[in-house]
Amino acid sequence: MNIAVYCGSNPGRNDHFAQAARDLGIWIAVHGHALVYGGSSVGLMGVLSSNVLAAGGNAYGVEPRFFIDAGVAQHDLTELVVVDTMSERKAKMIELADAFVALPGGVGTLEEISEIMSCVRLGLDVGECFFLNIDGFYNPLIELLHGMEQQGFIERGDLERFHFLESVEQLTRCLDRAERTPLAARATAAELAELRAEVSRESQAELEAERAAFYAPLQPDWAGASEAEPHQ
Ligand SMILES: CC(C)=CCNc1ncnc2c1ncn2[C@@H]1O[C@H](COP(=O)(O)O)[C@@H](O)[C@H]1O
């Protein structure tokens with residue numbers, strides 16, 4: 001299985017994070033899986049990838065050219081896929097991977113795993129979405145997601161598809177169970193982009209229709225007026 005792991009480009013202040021990155025890297029290699037990640041040698045990304053490689057595993061890095069030019073790419077990767085933009089990197093990683101894991105990290109990690117959560121919620125069959133919640137790092141996110149559910153923005157069923165695990169052992173047991181998604185069933189980056197555009201076109205049209213329906217009975221003369229001609 002190709003496992004995409006998103007994590008900090010910094011090591012963080014808690015040593016348990018680097019330990020988890022190391023243990024997960026070794027497990028990926030020893031169990032014959034492959035790592036798909038951002039390609040950098042720094043922070044938790046560096047710990048993870050160097051341990052996959054040291055344990056004899058395959059690590060595929062997907063790195064925008066500007067990071068390579070800045071000298072942060074990992075050496076001796078199985079393959080370094082060079083892309084031009086961060087968006088291309090995310091799309092490529094989704095294309096390559098069968099399951100997605102977030103270790104602790106910063107806003108880059110959050111951005112990357114958020115796209116996966118959004119795809120899972122939309123029913124796009126990208127692969128399963130896991131969080132390694134070491135020492136409660138992701139508890140505030142769990143709280144936010146529950147708040148979203150309580151306020152009616154996401155469904156309880158969505159919450160159940162985001163898996164939060166407390167240890168590398170728990171995570172690897174879940175990864176073992178995760179079924180490999182057939183490639184043909186996965187949406188391509190272009191399909192994802194088209195779907196997003198469609199959703200945003202539809203919501204825009206719905207919003208405009210709702211606004212017109214709301215104002216029409218209240219202000220019949222004003223409803224059709226442009227903003228340049230405000231109602232007196
Ligand atoms: C230009 C340069 C050398 C910056 C050094 N800093 C970085 N080096 C490598 N990857 C990074 C860096 N900052 C953010 N990222 C990217 O953002 C993601 C993780 O970010 P974060 O640390 O969770 O937010 C990764 O995909 C990583 O590729």
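**Close-up 1. Tyr6 and its bridge partner in β5.** In this predicted model, Tyr6 is paired with Ala102, a residue of β5. The two strands concerned are β1, which covers residues 2-6, and β5, which covers residues 99-102; they run parallel and are joined by 4 bridges. As background for a reader new to sheets, strands pair through backbone hydrogen bonds, and the pairing can be either parallel or antiparallel.

Close-up 2

**Close-up 3. Strand β3 beside strand β2.** Strand β2 (residues 34-37) runs parallel to β3, and 4 bridges join the two; one of the pairs to look for is Val36 with its bridge partner Tyr60 in β3. Strand β3, made of residues 58-64, is mostly covered, since 5 of its 7 residues are buried.

**Close-up 4. Helix α5 and its buried face.** Helix α5 holds 15 residues (107-121), which at 1.5 Å a residue should span 21 Å, and the distance of 20 Å between its end C-alpha atoms agrees with this. The buried residues in α5 are Thr109, Glu112, Ile113, Ile116, Met117 and Cys119. Seen down the axis of α5, the buried residues fall within an arc of 165°, so they line one face of the helix. In general, an α-helix has 3.6 residues a turn, so residues three or four places apart point the same way. After α5 comes Gly123, which has a positive phi, near 80°.

**Close-up 5. The shell around the ligand.** The ligand has 15 residues around it, of which Ser9, Gly105, Gly106, Gly108 and Thr109 come nearest. Helix α5 gives the most to this shell, contributing 4 residues.

**Close-up 6. Helix α6 in the open.** Helix α6 (residues 139-150) has 12 residues and reaches 16 Å from its first C-alpha to its last, close to the 16 Å expected at 1.5 Å a residue. The number of buried residues among the 12 of α6 is 0, so this helix lies largely in the open. Just after α6, Gly152 takes a positive phi of about 80°.

Key
Residues are numbered from 1 along each chain as its sequence is written. This is a predicted model: local features need pLDDT of at least 70, side-chain atom pairs count only at pLDDT 80 or more; totals for chains, interfaces and linings use all residues. Two strands pair if DSSP finds at least two bridges between them. The expected span of a helix is 1.5 Å times one less than its number of residues. A residue is buried if 20 or more other C-beta atoms lie within 10 Å of its own, exposed if 12 or fewer, and partly exposed in between; C-beta atoms are placed from the backbone. The arc is that of the directions from the helix axis to the C-beta atoms. A residue is near a molecule or strand if its C-beta atom, placed from the backbone, lies within 6 Å of it.
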